[in-house]
Amino acid sequence: MNPLLDSELPTLLLFSADETLSLPPLPDVSLQQMLSLDDICAAWLEAQQGVVCLSSKRFDRHLEAAIARVRLMLPEAPLVVLLEHLSDETRLIAAGVQEVLSSHQAQSGLLLHVMQMAMARRQYDIDQKHAAHHDPLTGLANRGLFQDRLDHCLVQSQRRGQDVSLLFVDIDRFRVVNELHGHQFGDLLLIACAQRLQQTLRRSDTVARLGGNSFAVILEASGDLENESMSAAVAHKISAAFQKPFSIGDEEIFSTVSIGIELASRVSYDAGQLVRHAELALHQAKREGRNVSYVFCHRSSPADKIRVGLESALHHALEREELRLAYQPQVSVSEQRFAGVEVLLRWEHPVLGDVSPSIFIPVLEETGLIERFGEWVLRNACCQYADWLSQGLVPADTKLSVNLSPRQFRQRDLADSIQQLLADAGLPPQNLTLEITESTLMYNLDHGVQVLNRLRTLGVSVAIDDFGTGYSSLAYLKDLPIDYLKIDRMFVKDIVTDSHDAAIASSIINLAHNLGLKVIAEGVEDSEMLDVLAVFGCDQYQGFFFARPLPADDIPPMVARCA
């Protein structure tokens with residue numbers, strides 16, 4: 001019978017390391033004299049409770065060996081050392097002991113208190129160790145523990161001639177859930193996703209949360225099944241599990257996963273390469289439309305390779321002054337008069353060179369960096385345009401157009417921030433136009449209209465960008481407090497040869513004019529396009545036909561040529 005399971009009192013498992021020191025029976029402690037360390041280990045492992053006590057006349061090699069054995073066999077057990085006289089406390093604590101007391105203290109009624117302190121300290125140590133290696137939200141292994149397990153797994157598997165698969169798993173469109181329901185709701189979804197992953201996989205598989213909505217799974221090969229086949233089967237199993245909805249509070253959420261896969265044998269069991277390839281495969285899966293799994297292919301595109309280190313590089317791009325602004329001139333169709341500029345963000349990486357906005361802008365959106373970068377663009381562009389105005393280098397009735405990202409537009413204090421920014425830059429509100437897309441506005445129409453009204457009250461103009469590619473709801477359009485519609489280039493590029501595109505462009509222009517709005521056409525590349533737009537009555541245009549996006553120094557000379 002296990003004494004720890006029968007006793008209602010706190011139990012002390014006592015073993016004398018040198019057989020010279022023992023304790024008499026104590027009223028408030030269940031004292032169990034054990035004949036060997038093996039007996040102590042067996043009793044504690046069965047009950048998972050009680051305090052282990054090693055007694056000795058002094059701290060010597062016999063006691064040191066006993067402590068080392070207990071710590072090896074019972075890493076979670078509270079350990080107390082009982083000495084004839086107190087000494088070497090620092091060395092004993094360093095060896096893994098929680099408390100040290102003398103035989104006199106034990107017999108004077110301090111033993112129960114010392115036992116309680118030992119249990120509390122041991123539990124604190126266990127909690128601290130767990131916190132250092134596990135994600136606080138989901139309880140899964142964190143990035144540090146994941147890396148340790150991956151390294152160990154690779155060494156063992158290579159030695160045994162077995163393979164290892166690494167799966168990177170991302171929750172698709174998690175950002176939308178966060179923005180729609182809030183971060184607390186998003187956290188509950190992450191916890192549910194972590195639990196579903198654990199329920200889907202074997203207990204021997206390592207599941208880790210790497211951060212955000214990203215998870216990793218380490219699979220060791222088993223049986224005769226080829227590891228690539230096993231990986232594909234597990235990925236399919238995970239995807240199938242995520243087809244079932246999640247019940248979060250009163251909401252039912254459908255969420256899918258994208259999965260990137262790589263095998264250790266294909267990268268010579270190199271942990272760094274394995275992780276990089278799995279991440280590249282994940283990005284490929286996302287580009288394939290999400291809700292798919294993808295095994296890394298060595299024919300990865302340059303965009304894949306750029307994307308791997310993109311997020312880290314973008315975090316430093318501002319401080320390293322790698323960003324610059326370009327200005328796309330906007331011109332009146334009828335008079336060819338300069339009407340303003342649209343500011344565009346450019347990134348010149350010291351190694352990669354000019355990185356396409358189509359590559360880095362989505363990363364900014366995904367990571368939330370778009371708010372910081374967007375504020376930098378708005379502030380610097382407003383300061384630049386205010387400087388041109390003050391020197392008379394651009395006409396007073398022209399405008400600076402700046403795109404607002406969906407994240408920026410949903411900021412609660414957007415109007416106040418822009419008002420303060422305009423005051424800091426010295427730019428009159430009537431010289432600023434903010435561009436938003438239809439889909440951004442329709443995401444939360446009531447909130448969007450409130451924000452637009454605040455901006456209009458400030459004197460700032462508003463343009464709907466890429467009109468015709470989103471909702472294009474005429475019912476909403478007539479009630480929106482806006483000033484401009486911008487026709488997307490997809491309706492302009494074939495306006496000369498495609499009668500349908502011409503009809504769409506003409507209809508948009510007529511609609512806008514009937515609502516008292518002005519129209520700006522994007523992507524005008526030749527005189528024929530411009531002639532058609534002039535016939536339709538388009539107000540302004542921008543595109544390569546007039547000028548490509550220009551650096552700031554080239555804008556004043558260009559304006560002078562238009563005068």
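Is Asn514 buried or exposed? Asn514 is exposed, with a relative accessible area of 67%; here exposed means over 50%, buried under 20% and partly exposed in between, using a 1.4 Å probe and protein chains only. This is a predicted model, in which local features need pLDDT of at least 70 and side-chain atom pairs count only at pLDDT 80 or more, while totals for chains, interfaces and linings use all residues. Residues are numbered from 1 along each chain as its sequence is written, and side-chain values use heavy atoms, with hydrogens and water left out.

**Helices**

- Asn514 belongs to helix α20 (residues 499-514); helices (H or I, at least four residues) and strands (E, at least two) are DSSP runs numbered from the N terminus.
- Between the C-alpha atoms of Asn514 and His152, 362 residues apart along the chain, the separation is 70 Å.
- Helix α8 (residues 183-200) has 18 residues and spans 25 Å from first to last C-alpha, close to the expected 26 Å, a figure that is 1.5 Å times one less than the number of residues.
- Buried residues of α8 include Phe185, Leu189, Ala192, Arg196 and Thr200.

**Pockets**

- On a 1 Å grid over the protein atoms alone, a pocket is an open set of points where a 1.4 Å probe fits, with protein on both sides within 12 Å along at least five of seven lines; lining residues have an atom within 4 Å of a point.
- Lining the largest pocket are 41 residues, with Phe174, Arg175, Glu366, Thr367 and Arg407 nearest its centre.
- Helix α7 gives the largest share of that lining, 6 residues.
- By class, the lining of the largest pocket holds 16 charged, 13 nonpolar and 12 polar residues; Ala, Val, Leu, Ile, Met, Phe, Trp, Tyr, Cys and Pro count as nonpolar, Asp, Glu, Lys and Arg as charged, and the others, Gly among them, as polar.
- The second largest pocket has 43 lining residues, and Ile361, Asn403, Thr437, Asp465 and Asp466 lie nearest its centre.

**Nonpolar cores**

- The largest nonpolar core has 86 residues, and Tyr327, Leu400 and Leu432 have the most contacts inside it; such a core is a set of buried Ala, Val, Leu, Ile, Met, Phe, Trp, Tyr and Cys residues joined through side-chain atoms within 4.5 Å.
- Helix α14 (residues 369-390) supplies the largest share of this core, 11 residues.
- Another core, of 29 residues, lies apart from it, and Leu167, Val177, Phe185 and Leu197 are among its members.
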